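Please brief me on this protein model. Keep it short and group the points by topic.

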Amino acid sequence: MIYSEVAGEGPEVVLLHEGICDSRMWDLQWEALTRAHRVLRLDFRGFGRSPLEPGSYSGARDVIELMDQHGFDRAAVVGVSLGGRVALEVALAQPERVAALVLVGAGLPGHDWSEEMKAAWGEEEAAFEAGDLDKAVEISLRTWVDGPRRKPEDVDADVRARVGEMQRRAYELQRSVQEDEEELLVEDVAERLGEIRAPTLVVVGEEDVPDIHSIADRLAREIPGARRASIPNAAHAPSMERPREFEEAMLGFLESIE
């Protein structure tokens with residue numbers, strides 16, 4: 001059972017969380033968005049309130065099925081990191097369903113990740129496999145919430161704590177299932193960026209890791225007509241670190257195309 005929540009009336013918006021969080025990451029935007037939009041948010045499998053079960057699945061297919069279930073015909077899709085990659089898949093698989101894209105620190109299949117990122121993931125995975133979830137959470141926070149140029153004390157302690165809680169929840173759900181695998185609904189996303197016709201805003205936190213900046217540059221360059229925005233003093237979770245600046249960018253963009 002995949003957790004989902006719908007509220008508000010107006011143009012449709014779907015919110016897709018990042019891989020270090022769950023749908024609670026949108027709490028700060030929920031009131032502002034639902035004031036003038038009909039909004040759907042969800043927990044991907046293995047996050048928040050959605051269990052992970054053995055077997056293969058597709059996050060993008062899950063999103064499309066939830067849009068069908070809740071009667072979302074054509075929505076602006078806002079996705080962060082993992083959610084950004086899923087948003088791209090949905091836009092390519094069913095372009096008629098996507099009125100706009102907001103891609104925040106988005107992932108991109110096939111990206112050639114740096115040795116620094118591979119090392120960080122290796123360290124995090126080793127801690128996870130050893131059952132040291134506290135260490136795994138801290139490595140994730142250092143990588144994604146602090147970013148490469150900041151120390152933990154430079155970041156809002158409440159943001160770190162909230163992301164840490166969501167990340168730990170994901171670890172707890174995912175460690176109980178060994179035989180699972182997410183399959184891409186659209187396997188050649190990176191080669192098909194030029195096919196995307198939905199108005200697109202590419203957002204990146206200025207303190208995010210260099211790999212994410214490289215992906216954002218490529219998305220802004222290859223998606224026709226894409227706009228680009230950066231959020232200062234924020235890393236991989238700009239909607240949580242700098243909610244006012246993020247909302248101005250997102251809502252300003254949505255208003256401009258509605």
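Two strands pair if DSSP finds at least two bridges between them. Helices (H or I, at least four residues) and strands (E, at least two) are DSSP runs, numbered from the N terminus. With that rule, E5 stands opposite R41 in β3.

This is a predicted model: local features need pLDDT of at least 70, side-chain atom pairs count only at pLDDT 80 or more, and totals for chains, interfaces and linings use all residues. Residues are numbered from 1 along each chain as its sequence is written, and side-chain values use heavy atoms, with hydrogens and water left out.

**Strand β3 and its partners**

- β1 and β3 run antiparallel and are joined by four bridges.
- β2 also pairs with β3, in the parallel sense, over four bridges.
- In that pairing, V13 stands opposite V39 in β3.
- Five of the five residues of β3 are buried. Buried means under 20% relative accessible area, exposed over 50%, and partly exposed in between (1.4 Å probe, protein chains only).
- R38, L40 and L42 point one way from β3, V39 and R41 point the other way, and all are buried.

- Strand β5 covers residues 75–80, and six of its six residues are buried.
- On one side lie A75, V77 and G79, on the other A76, V78 and V80, and all are buried.
- β5 pairs with β2 in the parallel sense over five bridges. Here E12 stands opposite A75 in β5.
- β5 also runs parallel to strand β6 (residues 98–104), with six bridges joining them. There V80 stands opposite V104 in β6.

- A nonpolar core is a set of buried Ala, Val, Leu, Ile, Met, Phe, Trp, Tyr and Cys residues joined through side-chain atoms within 4.5 Å.
- The largest such core has 88 residues. V14, L16, V63, L88, L101 and L219 have the most contacts inside it.
- Contact means heavy atoms within 4.5 Å. Leaving aside neighbours within four places in sequence, the residues in contact with L101 include V77, L88, I196 and F253.
- In α1, the buried residues are Q29, W30, A32, L33 and T34. The elements that cover them include β1, β2, β3 (38–42), α8 and α9.

**Aromatic pairs**

- Rings of Phe, Tyr and Trp (its six-membered ring) pair if their centres lie within 6.5 Å. Planes under 30 degrees apart count as stacked, over 60 as edge-to-face and the rest as tilted.
- By this rule the model has four aromatic pairs.
- The ring centres of W26 and F246 are 6.4 Å apart and their planes are at 40°, so this pair is tilted.
- W26 lies in the loop between β2 (12–16) and α1 (27–34), and F246 in helix α9 (residues 243–257), so the pair ties together parts that are 220 residues apart in sequence. Both W26 and F246 are buried.
- F128 and Y171 also form a tilted pair, with 5.4 Å centre to centre and 45° between the planes.
- F128 lies in helix α4 (residues 115–129) and Y171 in helix α6 (residues 157–174), so the pair ties together parts that are 43 residues apart in sequence. F128 and Y171 are both buried.
- W113, W121 and W144 are linked into a cluster by ring pairs.

**Charges and polar contacts**

- A charge sits over a ring if NZ of Lys or CZ of Arg is within 6 Å of the ring centre and within 35 degrees of the ring normal.
- The charged end of R41 sits over the ring of W30, 4.2 Å from its centre.
- The charged end of R49 sits over the ring of Y3, 3.9 Å from its centre.
- S4 lies in strand β1 (residues 4–7). Its side chain makes a polar contact with the side chain of H70, at 2.9 Å.
- A polar contact is a pair of N or O atoms within 3.5 Å; within protein, one must be able to donate a hydrogen and the other to accept it, and residues adjacent in sequence count only if both atoms are side-chain atoms.

**Positive phi**

- Most residues other than glycine have a negative phi.
- S81 is not a glycine, yet has a positive phi of about 55°. S81 is found in the loop between β5 and α3 (82–93). Its relative accessibility is 14%, so S81 counts as buried.
- N233 also has a positive phi, near 55°. N233 sits in the loop between β9 (227–231) and α8 (238–241). With a relative accessible area of 43%, N233 is partly exposed.
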